[in-house]
Amino acid sequence: MQEHIQLDQKQINDDLLAGVLGMPKWWLAAVGGLSLVFLTGVGAFGWMINQGVGVTGLSRPIFWGFFMTNFVFWIGISHAGIMISAILRLTQAEWRRPITRAAEVMTVFSLSAAMMAAPMVHIGRPWRAYWVFPFDFSRGVWPNIRSPFIWDPAAVGTYLIASSLFVFVALIPDMAVIRDRTSGPVSRMYGFMCMGWRGTPRQWKLQAVAGILLSALVLPVFVSVHSIVSWDFAVQTAVNGWHSTIFAPYFIIGAIHSGVSAVAMIMALMVWLWKLDKYIRPDHFDAIGRLLIVVATTWLFFFFTEFIFALYTLEDAEIALREMQLFQRPYIFLFIIFIFTAYLIPVPLWMFKKVRRNMALMFWTTVLVNIGMWLERFLIIIPGLARKTPLSFNWGSYTPSLVEILMVTATFAWVGLGMLVFSKFFPLIPLFDIKEGMVFRDEIKIGRATVPASIRE
Amino acid sequence: MTNGDAAANGHGLLTTQAGVSHDLLEKHQGSSGLFKGAVALFSVMFILGVVGFIIRVTDGVSDRAIWGYYAAVFAFILTTAQAAPMVAIAPRIAKAHWRRPVSRAAEMWTAVGLLNLLLFIPMLWILPDLKDGRRSFWFFGIEDSGVVNAFSPHIWATVALVSLVIVGVALLWVSSLPDLALVRDHSTGWRQRWAARLAGQWNGTSRQWHILDRRVGILGAFYFMMLVFVHFLISIDFAMALIPGWIDALYPITHAANALQAGVATVLLTLFFLRKFGGYQDYITLDQMWGLGKLMFALSLLWFWFWFSSFIILWYGKKPNEEAVLELLMIGPYLPAMYASFVMNFLVPFLTMIWNPLRKSVWGPPLIATSVLAGTFFDRVRLYVAAYSVPGLGDPSVDKHELTVEQVENMSAVMPGLPDVLIVAGAISGSILLYLLASRIIPVMNIWEQKELLLYKIHKPFHRTEVMVLGKRE
């Protein structure tokens, strides 16, 4: 991190609490606009509940469409927080400091968006969602624990609790700072939430230990969530293209690809909207760009392996499905857009340091990645279902209805809205982490060169 | 960390560049009686292995089943010794300083690739071509397609393995250049002549250092890619394709991931012996054991995740051929090997390495590494011996795409004969022997990286304590 700017603690407080103690001009308008989009989606959901799932484009044999694609997409985005926070924290990567909080918060909101995107709306009768829990003794009907659809809520729920805890633990010292800079009921509210934080050595030690423990413990949950989501598909033999052993790691690496890309997008937005350019430097974009090259290339390798092994089966139906994905309309167009946006355009560009250090280019290339990764999920789900199989009896086609489009759009608005509201109550960059980074930063002279260094315990 | 701790951890003892050079050259040039004894022992065992191989050759190559253990030990060396250099490559790319005493010890294993290349040659005779219509990664090798050569697996696996060995040896050579020049300038006799030949014109100019830096990075990245590619080809064409109906897209990646786990275990054990018997205790310290121990722990969890991801899909799928494959590889004749692998590759590392006192010790990680290596061997036996024991490949009347549970139920595990035991012991001994001999020419401790660390590391006071400050080149 050559471009480091040394800042004093007061300036850090002033800069990072500006959005909490004040209100940017654009904030209300943005919240209003996003609320409108979100409420439109809620209205569409109400309409669907009133009229039934017939108002969607779903019909036999394509029962999973936009909702499920969107569910997998948001689950994928939610992997960014833990990837950035837990793994980079455990590996002591210094460049993580300004971006961990935003990534963790995005995890929480994208997980809730995922739960909205499919399970709640997709079961058709959401008022019976509690059937996944084993407490309805009077009926004598128990959830089938051998079904991945029962594992889903358990894994996603655990992940949501763990990632919320993750955010909360890291927020405690910052909430104490806000407590000390506010008054009246607001101060009392922050005082209540920071649980008497005084910054004693013991409290700091406990907070650090809690962060490390949560980082380590949340990793298996992180892996289990998308593995289980992938097994929703892969355990089935009835649908061509789904029954593949590689699905769990393939889904996870895809999730990290789209999630880390989303973090890069958020970083650019934080600089543009909150003017946090003193904290998020071109160096940070450079580092995340290099990480993305590795992640994206690993993802491509898994994608290639998955595809090759579909051909390796030598099964006519499996090969026909791949022909359909690659050569038949409309999937051919979607496939071309997907492969170009998910890999062929961004990764060669990221090879150039100038691109990696250019915030606007990083923003737009990572937007491309997420368009591509959304389409990837669509191409996994829809073409396989569209084909006639011994169990589905006929061919199908799928066009999303306006209701589905509105509800999917609402999930994007929800995540944006959540981030904006969060930013009004809590700093998007962790104050204590930045201050610690400033203290730990040092330099070493080697001959005529000065090398950035950091203090290690 | 205080000065006292630093000294206890080996950091404080050798603090000048000249001191490090002198100490490491002295260690490199000396050879103890123990070393000579080890060379003699492994030479004898290697020769016995050659005898075992000759006996096996007299049995011919038409019965593939008797070559299962041979294939397993080839895959074992590919998974352990040839993967060990990744321990040098990955932390070097990440610029982790703890790698410095580890990197040469890990890269030295690339030399063993030469032996594995020799072991590979008979496997080309044992592997059937694609003319009998068996399933293959080279899809259309069936005789009437005429698109792909029926010997595609033989050709491409050979090209890949040869490339891996060349890149590996090149990596070892390039990264050793400064140390070889040091040996050239500070030794006599045969060692000086060898070092002079290998060091070439290295004089340590700025340009040479710049080129070295780039080449080591590029060769490391290539080695990683080639390693994954070789595992991809070998695991599919030399194991999976030999079992009709075994379709597991994750398996080649699992094969490569296991190699990373076993590679770390190999290096941990190497470091333990270098520390205990080589006199390198001032360099190989808790930092290295701890760092690698954490890595091995993480890779052991990865082992389980990959294994379970494959298992659950096949188990849920319940296609007839999937049931047969599970019966063959996991719950049937090779169940003991499966149990051994599961316990030693996953359960033992998982249940022991979660404890700080064991993970954060110089003896704990190497101890668990022995478990991982033994587990990896059983895993390779399970996969390769089972694959080579499936009858019918090469017989036109036998289905090449479906294996039935009834077929598997009639099979029993192939037990090793005396030639197999000699071959396995000989191949592993030959690998260690090659490593020992290479360490006589090339210093097993990376001297220039060790000296470079002195530039990047300082201790300084910080409030009421003293801290270590580590520089990181951009």
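Mentor: The radius of gyration is taken over C-alpha atoms, and the globule rule is 2.2 Å times the number of residues to the power 0.38. For the 474 residues of chain B, a compact globule would come out near 23 Å; chain B has 24 Å, which agrees. Along the principal axes, its C-alpha atoms fill a box of roughly 75 × 50 × 40 Å. Do keep in mind that this is a predicted model, where local features need pLDDT of at least 70, side-chain atom pairs count only at pLDDT 80 or more, and totals for chains, interfaces and linings use all residues. Residues are numbered from 1 along each chain as its sequence is written, while chains are lettered from A and ligands numbered from 1 in the order in which they are written.

Trainee: What radius of gyration does chain A have, with its 457 residues?
Mentor: Chain A has 23 Å, which agrees with the value near 23 Å for a compact globule of 457 residues. The C-alpha trace of chain A spans about 70 × 60 × 40 Å along its principal axes.

Trainee: What share of the residues in chain B is buried?
Mentor: Count neighbours: a residue is buried if 20 or more other C-beta atoms lie within 10 Å of its own, exposed if 12 or fewer, and partly exposed in between, with C-beta atoms placed from the backbone. Buried residues make up 48% of chain B and 45% of chain A.

Trainee: Which residues of helix α1 in chain A are buried?
Mentor: In α1(A), residues 9-16, they are Ile12(A), Asn13(A) and Leu16(A). They cover an arc of only 100 degrees around the axis (the arc of the directions from the helix axis to the C-beta atoms), which puts them on the same side of α1(A). Lys10(A) and Gln11(A) are exposed on the face turned away from that buried side. Among the elements covering the buried residues are α8 (148-181) and α19 (431-440) of chain A.

Trainee: Which residues touch the most other members of the largest nonpolar core?
Mentor: A nonpolar core is a set of buried Ala, Val, Leu, Ile, Met, Phe, Trp, Tyr and Cys residues joined through C-beta atoms within 7 Å. The largest one here has 279 residues, and Val260(A), Val263(A), Val73(B) and Met296(B) touch the most other members. Helix α11 (residues 247-274) of chain A gives the most to this core, with 18 residues. For contacts, the test is that two C-beta atoms, placed from the backbone, lie within 7 Å. Leaving aside residues up to four places away in sequence, Val260(A) touches several residues, including Ala80(A), Met83(A), Ile288(A) and Leu292(A).

Trainee: How many residues does each chain bring to the contact between A and B?
Mentor: Chain B brings 33 residues and chain A 30 residues. On the side of chain B that touches chain A, α12(B) gives the most, with nine residues. That side divides into 22 nonpolar, five polar and six charged residues. In this scheme Ala, Val, Leu, Ile, Met, Phe, Trp, Tyr, Cys and Pro count as nonpolar, Asp, Glu, Lys and Arg as charged, and the others, Gly among them, as polar.

Trainee: In which sense do β2(A) and β2(B) pair, parallel or antiparallel?
Mentor: Two strands pair if DSSP finds at least two bridges between them. Strand β2 (residues 449-456) of chain A and β2(B) pair in the antiparallel sense over four bridges. Ala453(A) stands opposite Gly471(B), and Ser454(A) has Leu470(B) as its bridge partner.

Trainee: And what do the strands do within each chain?
Mentor: In chain A, six bridges join β1 (residues 441-446) to β2(A), and the two run antiparallel. They form a hairpin with two residues between them, where Gly447(A) in the turn has a positive phi of about 60 degrees. In chain B, β1(B) and β2(B) pair in the antiparallel sense over six bridges, with Lys460(B) opposite Val467(B). These strands also form a hairpin with two residues between them, and His463(B) in the turn has a positive phi of about 50 degrees.
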